[in-house]
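Subject: Structure handover

Hi,

Here is the structure I promised to pass on. Please open it first, then read my notes below.

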Amino acid sequence: MFATIYLPNVYLQAALRHQPGLCAKPVALIEEQEKKPVIIQLNDVAEKAGIYKGMTPSQALARSLRVVIKVRARSQEKSIQEILLHYAFTLSPFVEATASGICTVQFTTSYRLPADNRLARHGEFVPPYGGQIGSQCYQNVLRVIEQLAECELRAQAGIAATPDTSFLAAHLAKPVLKIENAKEFLAPLPIETLAMIGAT
């Protein structure tokens, strides 16, 4: 069983994390170190104003004079990744930093939460996966999403039998999506959705 925790637009979240007042405004993020900076991430308000990835800042301003152009805040990005990993490790010791703003957690039958180990020592029955299968797994992942929200980070997560399926589910979650049957989940997804997710 795997869970993927995903922070959408992680670079933009990092740049805006301590500026909540900008959330209601159109905001676009550029990679300052490029020879010709273009927008790499933007919020929903900017999208509704007709701005899209790949535009130059001047093109974005031509669409909306209200747009705020921000540059990547790499120190904040690093801090956010550390926070993400910290909470992921509360689910399992088997965590991979898959990409910036994405981590994959593996639940194994050989691992139990510390509380479960205490119960087992007293002779009480403890289910495999440290009680993390089914609804308990969902609840624990949801708890992490809520803890990240308290840190002013918007996150979503997917839970599935394979890491690839959990990765896809995380991109479509609101905020947590548990996949019981991968074939049923994947069959109706359009190719455009898979391509869009692969580009994140």
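Glu31 is buried, with a relative accessible area of 11%. Buried here means under 20% relative accessible area, exposed means over 50%, and partly exposed is in between (1.4 Å probe, protein chains only).

Before the rest, some ground rules. This is a predicted model, where local features need pLDDT of at least 70 and side-chain atom pairs count only at pLDDT 80 or more, while totals for chains, interfaces and linings use all residues. Residues are numbered from 1 along each chain as its sequence is written, and side-chain values use heavy atoms, with hydrogens and water left out.

Overall picture

The chain has nine helices and eight strands. These are DSSP runs numbered from the N terminus: helices are H or I with at least four residues, strands are E with at least two. Of the 200 residues in the chain, 44% are buried. Among contacts with a separation of 6 or more, 51% are between residues 24 or more positions apart. Contact means heavy atoms within 4.5 Å.

Salt bridges

How many salt bridges does the structure hold? There are four. The criterion is a side-chain nitrogen of Lys or Arg within 4 Å of a carboxyl oxygen of Asp or Glu.

Start with Glu31 again. Its side chain forms a salt bridge with that of Arg74 (2.7 Å, N to O). Glu31 sits in the loop between strand S2 (27–30) and strand S3 (39–42), and Arg74 is in helix H4 (residues 74–88), so the pair ties together parts that are 43 residues apart in sequence. Arg74 is partly exposed, at 38% relative accessibility.

Next, Arg72 pairs with Glu77, also through a salt bridge (2.7 Å, N to O). Arg72 is buried at 18%. Glu77 is buried too, with a relative accessible area of 8%. Salt bridges with shared partners join Glu31, Arg72, Arg74 and Glu77 into one network.

Glu180 and Lys178 make another salt bridge (2.8 Å, N to O). Glu180 is exposed, at 67% relative accessibility.

Helix H4 against helix H6

The axes of H4 and helix H6 (residues 135–150) come within 10 Å and cross at roughly 150 degrees. Axes are lines fitted to C-alpha atoms, for helices over the stretch in contact, with angles from 0 to 180 degrees between N-to-C directions. H4 is therefore roughly antiparallel to H6; the cut-off for that term is over 145 degrees. The crossing is right-handed, meaning that the near helix is turned clockwise from the far one by less than a right angle.

Which residues meet there? Ile83, Leu84 and Tyr87 come from H4, and Val144, Gln147 and Leu148 from H6. By class, this contact has five nonpolar residues, one polar and no charged. Nonpolar covers Ala, Val, Leu, Ile, Met, Phe, Trp, Tyr, Cys and Pro; charged covers Asp, Glu, Lys and Arg; the others, Gly among them, are polar.

Two buried positions

Gln81 is in helix H4. Gln81 is buried, at 15% relative accessibility. Leaving out neighbours within four places in sequence, Gln81 contacts Ala97, Ala99, Ser100, Gly101 and Ile102. From Gln81 to Ala97 is 16 residues in sequence and 8.4 Å in space, C-alpha to C-alpha.

Ser166 belongs to helix H7 (residues 163–172). Its relative accessible area is 0%, so Ser166 is buried. Beyond residues up to four places away in sequence, Ser166 touches Phe2, Ala3, Thr4, Gly158, Ile159 and Ala160.

Best wishes

Key:
Angles under 35 degrees count as roughly parallel, over 145 as roughly antiparallel, 65 to 115 as roughly perpendicular and the rest as oblique.
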